[in-house]
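Okay, thanks for having me.

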Amino acid sequence: MSALETAYKPYGQIILARHGEPALSRKVMLDAAGYGEFWARYEIGGLLPGQTPPDRLKRFVADCGTLVTSTRLRAIESAQSVVGDKPFDRYELLIEAPLPPPRFPGWVRLSPKIWGFVARVWWWYLNFHDGQESRAEAEARADQAAELLIGFAANGQTVVVMAHGFFNHLIGRSLLRQGWKLADSEGYKYWSMRRFKRG
């Protein structure tokens, strides 16, 4: 391929995929301290056994030029369930944004799903990060992640990211700001994908 052809080779697409369902049950009611412990276990845990990745995701991964994951076990196991022993790179840069619970009194007991929503609202709008990564810091990290993925896509091949729902959302926002377009979306459920193309 000539230098001119290389210079004008189109970018590949970037697919942000969420990991599969974790093994940790959410059918519990917790106070704020209990949710903090729950999230710590969630962050180090793996997948619920017996899951089958969607065929569409498997096709995109089979055809991609680059597959990367976060360093969290649930993301790694999700990728392994798709590619088996095929190697892929893992990046701390792609881990989920934190979810520190607000310091509500102990009598307030909520499900992990509701705690996650409340914690994200406090983190996003009220800058409550309890000494962990702040919203501004996570957004800066998402910009760095987007630049990494754009670099991978610059060779014209598809890039698949197996990572986390909210941080994938932040990466997507960064891609949009940099001129990429959301080609299609399956939302943010487990195993879902959002596909971006260069505008």
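When I say buried, I mean under 20% relative accessible area, with exposed being over 50% and partly exposed in between, using a 1.4 Å probe and protein chains only. Cover here goes by contact, which is heavy atoms within 4.5 Å. And the helices (H or I, at least four residues) and strands (E, at least two) are DSSP runs, numbered from the N terminus.

Quick housekeeping. This is a predicted model, so local features need pLDDT of at least 70 and side-chain atom pairs count only at pLDDT 80 or more, while totals for chains, interfaces and linings use all residues. Residues are numbered from 1 along each chain as its sequence is written, and side-chain values use heavy atoms, with hydrogens and water left out.

Back to α7. The helix takes in residues 165-177, 13 residues, and spans 19 Å from first C-alpha to last. That's close to the expected 18 Å, which is 1.5 Å times one less than the number of residues. Which residues of α7 are buried? They're Gly165, Phe167, Asn168, Leu170, Ile171, Gly172, Ser174 and Leu175. Remember that an α-helix has 3.6 residues a turn, so residues three or four places apart point the same way. After α7 comes Gly179, with a positive phi near 95°.

Is His164 buried or exposed? Buried, at 0% relative accessibility. Leaving out neighbours within four places in sequence, His164 has contacts with Arg18, His19, Ser70, Arg72, Arg74, Ala75, Leu94, Ile95 and Glu96. Take Arg72 from that list: 92 residues away from His164 along the chain, yet their C-alpha atoms are 9.3 Å apart.

Over in strand β2 (residues 66-70) we have Thr66. Thr66 is buried too, with 17% relative accessible area, and beyond four places in sequence it touches Phe152, Thr158, Val159 and Val160.

Asn127 isn't a glycine but has a positive phi of about 55°. You'll find Asn127 in the loop between α5 and α6, partly exposed at 48%. Trp191 also has a positive phi without being a glycine, near 70°; this one is in the loop between β5 and β6 and is buried, at 9% relative accessibility.

Let's zoom out. The protein has 7 helices and 6 strands, in the order α-β-α-α-β-α-β-α-α-β-α-β-β from the N terminus. Its radius of gyration is 18 Å, close to the 16 Å from the globule rule for 199 residues, so it's as compact as a globular protein of that length. That radius is taken over C-alpha atoms, and the rule is 2.2 Å times the number of residues to the power 0.38. The C-alpha atoms fill a box of roughly 70 × 35 × 25 Å along the principal axes.

Of the 199 residues, 46% count as buried. And for contacts with a separation of 6 or more, 70% come from residues 24 or more positions apart. That's my tour, thanks.
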